[in-house]
Amino acid sequence: MDVKTVGVIGAGAWGTALACSLARGGHSVEVWAMEEDVVSSINSQHENKRYLPGYALEPSLKASSDIRKVADNKDFIIMGSPSLYLAPTIAKFSDLPSIKSGKSIICALTKGFVPSQSGPKFVLETMEEALPACYKDATVYIAGPSHAEEVAMGKITGLITASNHHRNAIRVRDLLRASKGLLAYASFDTIGVQVCAAVKNVVAVVYGSLDALSQTSSIFGDNTESLLMAAGLNEIQKIGVALGATHPQTFTSISGVGDLDVTCKSKYGRNRKFGQDIIQTDMLDRFANLDDLIANVKKVGYLPEGAIACKYVHQIAEKHNLKLPICDALFRVLNKEATAQECLEELVGLR
């Protein structure tokens with residue numbers, strides 16, 4: 001096997017799990033974490049005790065708090081930073097000679113939209129604006145139904161590698177395929193894949209609330225949950241088409257229906273859990289409105305990406321005059337304009 005050097009920027013659960021999988025596949029992998037305790041636990045105990053506790057990591061996986069060292073002279077760089085910190089994180093190493101020359105293929109795991117003065121931006125768009133000009137239309141987006149816990153365990157997982165640079169999409173696909181348990185497929189629909197990865201989290205929050213209500217409801221059940229998921233996929237496709245998605249099959253692939261299904265149903269899903277917590281623990285009592293939730297999201301105790309993406313989906317819907325009942329319902333719930341039960345009853349025609 002042709003061993004590649006890989007730098008993973010961000011040691012959250014997903015970044016750590018993918019780094020572990022790549023190391024398991026025989027690649028030389030180093031992950032960057034800004035927390036010294038994360039670096040220490042990965043290097044000395046082969047476990048990320050903060051973000052992926054209880055899962056053994058490959059002994060060959062190394063960690064460092066020196067971001068320039070991790071990014072320098074790598075064949076591939078994989079960004080796992082949260083969307084709000086994506087551009088500032090890239091700025092810490094974008095002046096390296098190996099980056100300025102375009103040596104590294106740069107990928108993103110980051111989900112959601114990135115706020116800007118001109119409105120929500122895509123992850124790849126944000127990255128390419130922060131990188132040297134040689135990366136224009138050359139970065140790669142990695143997505144698919146892929147909970148970190150199962151990837152860390154080596155369970156079979158399908159991923160999509162999307163890029164406007166077709167060869168780079170295929171190169172990243174081949175990098176991932178070398179890892180046992182990863183089945184990767186290339187896509188050239190960067191917009192469609194990014195929309196699926198962001199908006200499925202919004203639908204999953206609503207699904208989680210419905211699932212919690214179904215436990216005691218005489219009207220909500222499995223049939224209702226399937227109805228919601230199908231309608232949610234329709235809203236994802238509406239947004240994708242409005243923003244310029246190029247391949248209808250993106251939405252019926254693992255990037256669309258596959259990722260939506262696992263995000264809504266899996267016990268590992270943070271967005272599903274957040275929706276359940278809205279009902280079961282009155283989670284929203286801690287926040288005044290959606291903006292307050294986003295500003296103080298650490299109070300949740302985990303990161304519900306769908307709650308953050310909901311704000312930007314609402315802006316996109318207003319700009320493109322899109323009718324998105326499910327996404328709009330969550331926006332109203334998070335903004336304290338209605339309760340989850342009221343919105344769900346309205347969605348199924350009971351109000």
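## Ground rules

Residues are numbered from 1 along each chain as its sequence is written, and side-chain values use heavy atoms, with hydrogens and water left out. Because the model is predicted, local features need pLDDT of at least 70 and side-chain atom pairs count only at pLDDT 80 or more, while totals for chains, interfaces and linings use all residues.

## Aromatic rings

Let's start with the rings. A pair of aromatic rings is described by the distance of the centres and the angle of the planes. Here, rings of Phe, Tyr and Trp (its six-membered ring) pair if their centres lie within 6.5 Å; planes under 30 degrees apart count as stacked, over 60 as edge-to-face and the rest as tilted. The count by this rule is one aromatic pair. Its members are Phe 113 and Phe 122, whose ring centres are 5.9 Å apart with planes at 45°, so the pair is tilted. Phe 113 is buried at 3% relative accessibility, and Phe 122 is buried at 14% (buried means under 20% relative accessible area, exposed over 50%, partly exposed in between, with a 1.4 Å probe and protein chains only).

A charge also meets a ring in this model: Arg 177 lies over the face of Tyr 185, at 5.9 Å from the ring centre. For that label, NZ of Lys or CZ of Arg must be within 6 Å of the ring centre and within 35 degrees of the ring normal.

## Salt bridges

The structure holds 18 salt bridges, each a side-chain nitrogen of Lys or Arg within 4 Å of a carboxyl oxygen of Asp or Glu. One of them joins Arg 24 to Glu 58, with the closest N and O atoms 3.9 Å apart. Arg 24 lies in helix α1 (residues 13-24) and Glu 58 in the loop between α2 (36-45) and β3 (62-64), so this bridge ties together parts that are 34 residues apart in sequence. Helices (H or I, at least four residues) and strands (E, at least two) are DSSP runs, numbered from the N terminus. Arg 24 is partly exposed at 26% relative accessible area, and Glu 58 is partly exposed at 24%.

Another bridge pairs Asp 37 with Arg 50, their closest N and O atoms being 2.9 Å apart. This pair links distant parts of the chain, with Asp 37 in helix α2 and Arg 50 in the loop between α2 and β3, 13 residues apart. Asp 37 is partly exposed at 39%, as is Arg 50 at 44%. Asp 174 and Arg 173 also meet in a salt bridge, at 3.0 Å from N to O, and Asp 174 is partly exposed at 38%.

## Cavity and pocket

On a 1 Å grid over the protein atoms alone, a cavity is a set of points where a 1.4 Å probe fits but cannot get out; a pocket is an open set with protein on both sides within 12 Å along at least five of seven lines, and lining residues have an atom within 4 Å of a point. Grid points are joined across faces, edges and corners, and a volume is the space filled by probe spheres set on the points. There is one cavity of 30 Å³ or more, and the largest cavity holds about 70 Å³ of space. Its lining consists of Val 206, Ser 209, Ile 278, Ala 329, Leu 330, Val 333, Ala 340, Cys 343 and Leu 344. Helices α9 (190-214), α15 (325-334) and α16 (340-347) are the elements that give two or more residues to this lining. By type, the lining has eight nonpolar residues, one polar and no charged (Ala, Val, Leu, Ile, Met, Phe, Trp, Tyr, Cys and Pro count as nonpolar, Asp, Glu, Lys and Arg as charged, and the others, Gly among them, as polar).

The second largest pocket contains about 240 Å³ of space. Of its 13 lining residues, Pro 120, Leu 243, Ile 316, Lys 319 and His 320 lie nearest its centre. Both α10 (222-243) and α14 (305-320) supply at least two lining residues, and α14 gives the most, with four. This lining divides into six nonpolar, four polar and three charged residues.

## Backbone notes

Most residues other than glycine have a negative phi. His 46, however, has a positive phi near 55°; His 46 sits in the loop between α2 and β3 and is partly exposed at 25%. Asn 321 also has a positive phi, of about 55°. Asn 321 is in the loop between α14 and α15 and is exposed at 69%.

Finally, Gly 144 is found in the loop between β6 (140-143) and α7 (148-152) and is buried at 2% relative accessible area. Gly 144 and Val 257 are 113 residues apart in sequence and 9.5 Å apart in space, C-alpha to C-alpha.
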